[in-house]
Amino acid sequence: MPTPAADTAAPYGAAAAPAPRKAVNLARIADMHARGEKITMLTAYDATFAAVADAAGVDCLLVGDSVGMVCQGLDSTVGVSLDVMRHYTESVARGLRRVQGAAWLIADLPFGSYQESREQALRSATALMQAGAQMVKLEGGGWTVDTVRFITERGIPVCAHLGLTPQTVHALGGYRVQGRDEASAARLCQDARALQDAGAAMLVLEMVPARLARAVTAELARCATIGIGAGSGTAGQVLVLHDMLGIHLGKPAKFVRNFMAGADGIEAGLRSFVHAVKDGSFPEDGVHAW
């Protein structure tokens with residue numbers, strides 16, 4: 001005997017459960033990039049925030065080595081180990097599995113885990129993929145190109161990272177804008193093209209002039225650029241989760257916006273971030289002095 005409709009209907013006044021969104025994958029990221037739809041990315045370090053960010057519609061979650069500064073109280077990301085990154089990647093992956101894992105999960109290769117050789121990089125990337133990552137991120141251009149090619153040829157998606165590269169902050173002379181002069185801007189553009197040709201599917205551009213980030217984005221048809229302190233002309237935007245929630249151990253960077261302002265909860269703040277990136281109202285190029 002069929003079950004009466006009243007037995008299966010939602011209670012009076014209850015909202016119908018939203019249909020689950022399609023899982024984000026490389027093909028969907030490429031399609032968003034081609035169509036000009038902005039890509040949203042936030043860092044995540046635990047299962048609960050991963051689930052909330054996923055529910056809020058964030059496209060990509062990055063288990064950043066920023067965990068060292070945000071959660072461990074370190075002065076830089078240099079002290080973060082591969083074991084630490086594997087632990088936090090597992091935690092975030094578990095949170096996504098609880099909500100069908102719609103967001104695309106990226107994990108940072110930490111300092112010292114890929115500089116020695118491309119074989120070391122492959123072993124480190126394998127560890128993070130086995131922990132639940134769907135893509136790994138590494139910093140720098142030039143010497144990293146061969147490593148990116150070696151890893152991607154073996155089926156591991158790679159996100160590159162140019163501009164301010166926190167793992168080499170001591171060599172860069174501190175947290176400073178990169179690519180301001182003609183020579184360094186040309187070198188960054190050359191590195192970006194080489195990384196795309198080597199197989200990188202995404203590229204974080206951190207603290208570079210907005211005009212430079214826009215130019216690099218226009219050149220890379222197959223590699224989606226994700227900006228942080230790089231203006232509005234990139235294919236997407238990333239922020240550290242705690243920064244956009246207004247939680248800081250120190251002074252926030254001037255390109256950060258507190259999305260909790262006026263929000264009635266954390267998920268609402270995350271949805272505000274997603275909406276602002278998608279409609280182009282964040283970031284505002286005018287807030288940058290560079």
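Reply: Gladly! Let's start with a definition: a salt bridge is a side-chain nitrogen of Lys or Arg within 4 Å of a carboxyl oxygen of Asp or Glu. By that rule, this predicted model holds 15 salt bridges.

Me: What makes arginine 118 and aspartate 146 a salt bridge?

Reply: Their side chains meet at 3.6 Å, N to O, and the cut-off is 4 Å, so the pair qualifies. Arginine 118 sits in helix α6 (residues 118-130) and aspartate 146 in helix α7 (residues 144-152), so the bridge ties together parts that are 28 residues apart in sequence.

Me: Why is arginine 118 called partly exposed?

Reply: Its relative accessible area is 33%. Buried means under 20% and exposed means over 50%, so arginine 118 falls in between. Aspartate 146, with 38%, is partly exposed too.

Me: What makes glutamate 219 and arginine 193 a salt bridge?

Reply: The closest N and O atoms are 2.8 Å apart, which is within 4 Å. Glutamate 219 belongs to helix α10 (residues 210-219) and arginine 193 to helix α9 (residues 182-198), so this pair ties together parts 26 residues apart in sequence. Glutamate 219 is partly exposed at 40% relative accessibility, and arginine 193 is partly exposed at 34%.

Me: On to helix packing. Why are α3 and α12 called oblique to each other?

Reply: The axes of α3 (residues 47-55) and α12 (residues 266-278) cross at roughly 50 degrees and come within 9 Å. Roughly parallel would need an angle under 35 degrees, and roughly perpendicular 65 to 115, so the two helices are oblique. Their crossing is right-handed.

Me: Which residues meet where α3 and α12 touch?

Reply: Phe49, Val52, Ala53 and Ala55 in α3 meet Ile266, Glu267, Leu270 and Arg271 in α12. By class, this contact has six nonpolar, no polar and two charged residues.

How values were computed. Residues are numbered from 1 along each chain as its sequence is written. This is a predicted model: local features need pLDDT of at least 70, side-chain atom pairs count only at pLDDT 80 or more; totals for chains, interfaces and linings use all residues. Side-chain values use heavy atoms; hydrogens and water are left out. Axes are lines fitted to C-alpha atoms, for helices over the stretch in contact, and angles run from 0 to 180 degrees between N-to-C directions. Helices (H or I, at least four residues) and strands (E, at least two) are DSSP runs, numbered from the N terminus. Angles under 35 degrees count as roughly parallel, over 145 as roughly antiparallel, 65 to 115 as roughly perpendicular and the rest as oblique. A crossing is left-handed if the near helix is turned anticlockwise from the far one by less than a right angle, and right-handed if clockwise. Contact means heavy atoms within 4.5 Å. Ala, Val, Leu, Ile, Met, Phe, Trp, Tyr, Cys and Pro count as nonpolar, Asp, Glu, Lys and Arg as charged, and the others, Gly among them, as polar. Buried means under 20% relative accessible area, exposed over 50%, partly exposed in between (1.4 Å probe, protein chains only).
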